[in-house]
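User: Hi, I have a structure open and would like to go through it with you. Could you help me read it?

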Amino acid sequence: MQPQSETSRIQLLDDATIDRIAAGEVIERPSSVIKELVENALDAGAERITVKIEDGGLTSLSVEDDGFGIPFRDLPLAFERHATSKITAAADIMHVGSFGFRGEALASIAAVSRVRCFSRTGDEATGGMIEIEGGEIIRREPAARNRGTTITVEDLFFNTPARRKYMRTAQAEKRAVMKTITRMTLAHRQVRWLVMSGKDTLLDLHPAASLTDRAQDLLGATTVDHLARFSFSKGGFRIRGLASRPTLTRGNREHQFLFINRRPIQSAALSHSIAQAYREVIPAGRYPVVIAFLEVPTGDVDVNVHPAKTEVRLLLEREIFGMLKKSLQEGLSLRAAPELQPWAGPDEAQPGTDGVRQAQDDFLRAHFQRGGSAGYEYRGVPAGQGELFGSKAMQPGGESSLAADSSSTGSESLNSSPFWQLHRTYIVTQIRGGLVLIDQHNSHERILYNEAKRSLGEKGLAVPTQQLLFPSHLDLTPGQIQAWQNHADQLAAMGFSIEPFGGQSVLVQGLPASVRNWNEGQLLLDILDDLAWDGDPAQEDRRDLLASFACHGAIRAGEPLTVPEMQNLVDQLFATDSPLSCPHGRPTLIQFSLAELEKRFGRI
Amino acid sequence: MKFEIQQEEFQKALDLVVNVVPAKTPMPILTCVLMEIVGDRLSLSATNLENSIVTSTDQITVKTEGKIAVPAGKLVPFVRSLRPGKVSVSTKDQDIQVVGGKTRLTEKTMKADEYPALKPLKEKNGFAVDGRILVDMINDTSYAVSRDETRPALMGILWEIRATELNLVATDAHRLALSKKAMSWDAPGDKDLIVRTSGLRHLPKIVAAMAENDEGGHPITIFMSDNQLSFLCGDTILHVQILEGPFPDYHAVIPSDNDKDLTVDKASLIQAIRRVSITADRMSSQIRLGIEAGRMELSARGTDGSQSEDELEISYDGEPLEIGFNYTYLVDILKNIRTESVTLSLRDAQSAALLRPVGDAGEETGVLCLLMPLRLAGE
């Protein structure tokens, strides 16, 4: 920091500067402007809200409602700092039922953009308009309008270039806007919502009778089929909502919607509580779909932590944490159903591979008997105990005497190099001059990425499509539809055979032959989620698509692999041009040289 | 509890039940075999909560009755290692002692009361069938089940029980195996059940251990309840869990308009596939079959530029066709076909292929396999 010159003295900031600084607190990007304006519309009792954005809201955005309206004489006041119709004294803050109350949103927005506001109340014969630029009123005159308010915000941050520089691409902003609005449409089902981006209709939602109906509009019927209701109440607290059974998971938390007193919120503690509720019934790295409405007495929640109000402080956080977890577990029977028991490893269900894996486990058992890892803890004895320590069973890949019939065909001609899977996550194998530890997920990611990239780049190298016996019928969300339409050609070149099936549905007839984790379409939904609301695929997006495909399609940590599968994976990895890292840059393998081992054992 | 038993008899009974003892389980009690003496019979049970086996014998000399749960881990290999002859088993406090000749094993037992109770069979609703027919049908289909734990229903075999017929169907969404047999039995009405495959895989061993009846048959009795299908095979009962559906509508996907039929020697086809698969692309495992009158050309091309071809004689006089398959699926199906010849019915490069075993006299076997092709993008 530069030392201040002697001439600079402490002085009061002028109002315009204060407004601009304060604006940075509430208004971070177009989506926060929209959040504030939509909340105002909701507080005004709107039944119909129309949101329009251009370039993700960076050029222009507007929110139109049919609410109470602002009287003509109050229009200038509405854009004054700490002017609000919602509270009158500090004591009211802890009992706020409306969304806005700080009275700084409109002032902040007006300080950093060009705002036009048209409004008329039910009592007035004609409405009025006001135009403000950088906090200065430029125009104020009567204007015709139906009851309600329209606020248009143009050139956000035109007078704070530093802030403007921090805006991301129009696409990223659009995605953020859609995220904000999606949350609000879940909480306000009585409202007719229309969201437009340029000429495209992004959302067109009629008032929904139930949360399930609205969830179906936003998440698609397939997802809703996997959702179950849950509810819980205790004292003044109430929790209710919808959550997915463990049969449906997503690759990220994008589909977890939390509301406290109908206000969309983010809370690390509550997210953690959801993860806890589903622990052991869904794989690591997967997230359930959850829509949870928490109702807490207004005195017990402090929404005034941050001006944007998405972070809240709960007075009884630990209790609420427990209640959410319990309500999910009870509502979804996460502990009761037999198929949800903690997975105890492969039992006799997989003949053919068991012998091999058994031999592996036995090897590890013999060597790591005291190791505390549950995966290899010695419990019980399978059939054929007598033979297991024989030389035959100890040879990985050898035809084990236990294997009734071998399901892994084709790769019988293994070379002598052994492969062991550790903790169902890493592959260990011997190389000349040492050993390598290979991360099965990262390395498969690299293989899929390169394969898909090649198929997009060169015409003759398209990936074969495995036709499905039972085509998957998927219902897409509006965002997924857009992502699919934008990337249809690339997805086809990558080996997906997808056809429109009316409305928001598609029919998947075939898959890239190398895909492992189809999960009844979950793979495609995950990829489309990652690309949702993006614009036309530029070169950069293609990278996003490839990375998303590789990440979601790859073998996960925790998946058991047979020896031929491991051998195959390692061979393919070394056939790629960059076998040492995954597309995200994480390493695929760690190498230990014999020299290093010898040194550590004191041999040299 | 105290009894005496011949080593062979004891080992045979233990071998029957020990296969369901789970290798890894969060419930230690399940690593046990439950031993119980009531009257003059010894019964042994094991379960992994999904499948259970109970067997009993009266070839024992009972000293005192009782019920104990013994970890199978040391008991079973110990009994197997004993010389033939008399084995005496007794309990003292929490310990069990097994003595054969001069060899002695002492092992801690667990609380028998904690062992999950198995539901007794309701004798009324059973119906009889020859066990070997069931074993054949299970072997003809079980290889095609899915290993995808996200679709539990596809990990089971669909049993369509009809008044005069039984159909078993297994599929993993890429391939499907169906076995259809006419039955003369007293099945109680039409019933569709999805039965856990891991449990059904115990049936061949149990049937093999059964004594044949006078006509050389292996009569077993099937019992249906809400959540399990049970097989009474002589002195042994196998309970197999019924899975929740839905099972996909497989009738709709069996093609009826495949017009290109060809017959080929199964062993030659498997060998030819193995030969060309050496150059098949590792990711897709794709091989191509080119079919024309009298011959089939097999080929596979790797992404590294390597390529291999082979040729087979076939009986075919229709239109030429080229079609791609994942060779591991194809070999899997062929290996599980029990006849020497197989017919392939095809339509085009996108539609399901039908494979049927053909008996020596060209008769139908009631077995049908379906495989979806592997299509090159842009074709």
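User: Let's start with chain A, then: what share of the residues in chain A is buried?
Analyst: In chain A, buried residues make up 53% of the 604 residues, and please keep in mind as we go on that this is a predicted model.

User: What about the accessible surface of chain A and of chain B?
Analyst: For chain A the accessible surface comes to about 28,000 Å², with 50% of it belonging to carbon and sulfur atoms. For chain B the figure is about 16,600 Å², and carbon and sulfur atoms hold 46% of that surface.

User: And what part of the contacts in chain A is between residues 24 or more positions apart?
Analyst: If we take the contacts in chain A with a separation of 6 or more, residues 24 or more positions apart account for 70% of them, and in chain B the corresponding share is 66%.

User: Back to the helices of chain B. At what angle do H1(B) and H2(B) cross?
Analyst: Helix H1 of chain B, residues 7-18, and helix H2 of chain B, residues 72-81, have axes that come within 9 Å and cross at roughly 140 degrees. The two helices are therefore oblique to each other, since only angles over 145 degrees would count as roughly antiparallel.

User: Is that crossing left-handed or right-handed?
Analyst: H1(B) passes H2(B) in a left-handed crossing. On the H1(B) side the contact is made by Gln7(B), Phe10(B), Gln11(B), Leu14(B), Asp15(B) and Val18(B), while H2(B) brings Ala72(B), Leu75(B), Val76(B), Val79(B) and Arg80(B).

User: Which classes do those residues belong to?
Analyst: Sorted by class, the contact of H1(B) with H2(B) has 7 nonpolar residues, together with 2 polar and 2 charged ones.

User: New topic: where does Asp123(A) lie?
Analyst: Asp123(A) lies in the loop between strand S3 (114-120) and strand S4 (127-133) of chain A.

User: Is Asp123(A) buried or exposed, and why?
Analyst: Asp123(A) counts as exposed, because its relative accessibility is 79% and the cut-off for exposed is over 50%.

User: And how far is Asp123(A) from Gly69(A)?
Analyst: In sequence Asp123(A) and Gly69(A) are 54 residues apart, and in space they are 9.7 Å apart, taken from C-alpha to C-alpha.

Terms used. Residues are numbered from 1 along each chain as its sequence is written. Chains are lettered from A and ligands numbered from 1 in the order in which they are written. This is a predicted model: local features need pLDDT of at least 70, side-chain atom pairs count only at pLDDT 80 or more; totals for chains, interfaces and linings use all residues. Side-chain values use heavy atoms; hydrogens and water are left out. Buried means under 20% relative accessible area, exposed over 50%, partly exposed in between (1.4 Å probe, protein chains only). Contact means heavy atoms within 4.5 Å. Accessible areas come from the Shrake-Rupley method with a 1.4 Å probe; for residues, only the protein chains shown count as cover. Axes are lines fitted to C-alpha atoms, for helices over the stretch in contact, and angles run from 0 to 180 degrees between N-to-C directions. Helices (H or I, at least four residues) and strands (E, at least two) are DSSP runs, numbered from the N terminus. Angles under 35 degrees count as roughly parallel, over 145 as roughly antiparallel, 65 to 115 as roughly perpendicular and the rest as oblique. A crossing is left-handed if the near helix is turned anticlockwise from the far one by less than a right angle, and right-handed if clockwise. Ala, Val, Leu, Ile, Met, Phe, Trp, Tyr, Cys and Pro count as nonpolar, Asp, Glu, Lys and Arg as charged, and the others, Gly among them, as polar.
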